[in-house]
Amino acid sequence: MQPRNMSMSGVVDLAAVKAAQEAKAKAEQARAEAARQGGGTGAVSPADLVIDVDEAGFESEVLQRSTEVPVVLDFWAEWCQPCKQLSPVLERLAVEYNGRFVLAKIDVDANQMLMQQFGIQGIPAVFAVVAGQALPLFQGAAGEEQIRGTLDQLVQVAEQRFGLTGLVVDPEAEPGAPAAQAPEAPAGPHDALLEAAVQALDAGDFGGAVQAYRNVLADDPGNSEAELGLAQAELLHRVQALDPQKVRQDAAEKPGDAEAQIAAADLDLVGGHVDDAFGRLIQTVQRTAGDDRNAVRVRLLELFEVVGPDDPRVVAARRALARALF
């Protein structure tokens, strides 16, 4: 068994991210409609929010499910005492969050391959999978306040950047019933153009995607989904024309060359190496001055938009950039 579409190095799925504030608004509207309707046929039972997963079921129970709702992975073992303290807290919070995420429990003794694929060195270890993308949450014992903060951020990222509305939960539903997503909000006036842009991204037509997002922004300059998509499409369009080997060689030989470092940072980000991309450009800001320094700063701000302003890596890099500039 080999999980597909998983990036262990980050959650920058440039072709799949479809959100920001518009997606968040749709998610909130959909959940409000689900609450008004009181669940309904196809809603999941609270018991379905905590599941046991093995290697055979990982594809369907985690990767496929993560396109509807964030899946939190609890790696545990019977002999692990900290696990016995952490797991009940996660199970209780899964029910309390009422469909905002699903908790998948993985016994590492019975699923060694999954443990290796996630690079786990010790347990308890907690990951999440969102829209097929894996990201670490925390390892070892954690207090409930810290856990809640992490889960709140996960839910926010899932709604704002991926448009995931979660599952409809009905206390009267039979356990094991087919899951129902919260009903979708009505389509917006630019949904067709946005869908065309996403299709262009999926087809590798990055120039077409850039133009499609610009068309949306021409009519709706404040459309946050189009702004995010445009930043991603422009990055992919730039990288498409690069020779990775030459870019890496130039960057290694010319640490103070703004253009060389900017190109290498673009490659870093597309490869999922978010911290490397940010660190490279912050170091280049420190080494340069004048127009070169400004060009590096502008590109770094553009990459912040690609990753998303709420991402903790962006927050940390903004502070580091401020220190480098002032």
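Helix H5 (residues 144-162) lies across S2, S4 and S5 and runs at about 165° to S5. Here helices (H or I, at least four residues) and strands (E, at least two) are DSSP runs, numbered from the N terminus. Axes are lines fitted to C-alpha atoms, for helices over the stretch in contact, and angles run from 0 to 180 degrees between N-to-C directions. Contact means heavy atoms within 4.5 Å.

The model is predicted: local features need pLDDT of at least 70, side-chain atom pairs count only at pLDDT 80 or more, and totals for chains, interfaces and linings use all residues. Residues are numbered from 1 along each chain as its sequence is written, and side-chain values use heavy atoms, with hydrogens and water left out.

**The sheet**

- Five strands make up an open sheet with mixed pairing, in the order S1-S3-S2-S4-S5; two strands pair if DSSP finds at least two bridges between them.
- Strand S1 (50-52) and strand S5 (133-139) are at the edges with a single partner strand each, so one side of each has no neighbour in the sheet.
- On average, neighbouring strands of this sheet are turned by 25° against each other, direction ignored.
- S1 and S3 are parallel and are paired over three bridges; Asp52 has Lys105 in S3 as its bridge partner.
- S2 and S4 run antiparallel and are joined by five bridges; Val71 has Val129 in S4 as its bridge partner.
- S4 and S5 pair in the antiparallel sense over six bridges, with Phe127 opposite Pro136 in S5.

- Is S4 largely enclosed by the rest of the structure, or left open? Six of the six residues of S4 are buried, so the strand is largely enclosed. Buried means under 20% relative accessible area, exposed over 50%, and partly exposed in between (1.4 Å probe, protein chains only).
- In a regular strand the side chains alternate between the two faces of the sheet.
- Both faces of S4 are covered, with Ala125, Phe127 and Val129 buried on one side and Val126, Ala128 and Val130 buried on the other.

**Loops and backbone details**

- Pro124 is in the loop between H4 and S4, and the peptide bond from Ile123 to Pro124 is cis, with omega near 5°.
- S4 and S5 form a hairpin with two residues between them. Ala131, in the loop between these strands, has a phi near 50°, a positive value in a residue other than glycine.
- Ala131 has a relative accessible area of 22% and is partly exposed.
- Asn98 is in the loop between helix H3 (81-96) and S3. Asn98 also has a positive phi, about 55°, although it is not a glycine.
- At 37% relative accessibility, Asn98 counts as partly exposed.

**Nonpolar cores**

- In soluble globular proteins, nonpolar side chains tend to be buried together.
- A nonpolar core is a set of buried Ala, Val, Leu, Ile, Met, Phe, Trp, Tyr and Cys residues joined through side-chain atoms within 4.5 Å.
- The largest nonpolar core has 30 residues, of which Phe58, Val62, Leu73, Phe75, Phe118, Ile120 and Ile123 touch the most other members.
- Helix H2 (58-64), strand S2 (71-76), strand S3 (102-107), helix H4 (112-117) and strand S4 (125-130) are the elements giving two or more residues to this core. S2 gives the largest share, four residues.
- Leaving out residues up to four places away in sequence, Ile120 touches Phe75, Met115, Ala125 and Phe127.
- A second, separate core has 29 residues, including Leu235, Ala258, Leu269 and Leu303.

**Helix pairs**

- Helix H7 (residues 206-219) and helix H8 (residues 224-240) pack at about 155°, with axes 8 Å apart. That makes H7 roughly antiparallel to H8. Angles under 35 degrees count as roughly parallel, over 145 as roughly antiparallel, 65 to 115 as roughly perpendicular and the rest as oblique.
- H7 and H8 cross in the left-handed sense. A crossing is left-handed if the near helix is turned anticlockwise from the far one by less than a right angle, and right-handed if clockwise.
- Residues in this contact include Phe206, Val210 and Tyr213 of H7 and Leu230, Ala233 and His237 of H8.
- Helix H10 (residues 258-270) and helix H11 (residues 274-287) pack at an angle of about 165°, with axes 7 Å apart; they are therefore roughly antiparallel.
- The crossing of H10 and H11 is left-handed, and the contact includes Ile262 and Leu269 of H10 and Phe278 and Leu281 of H11.
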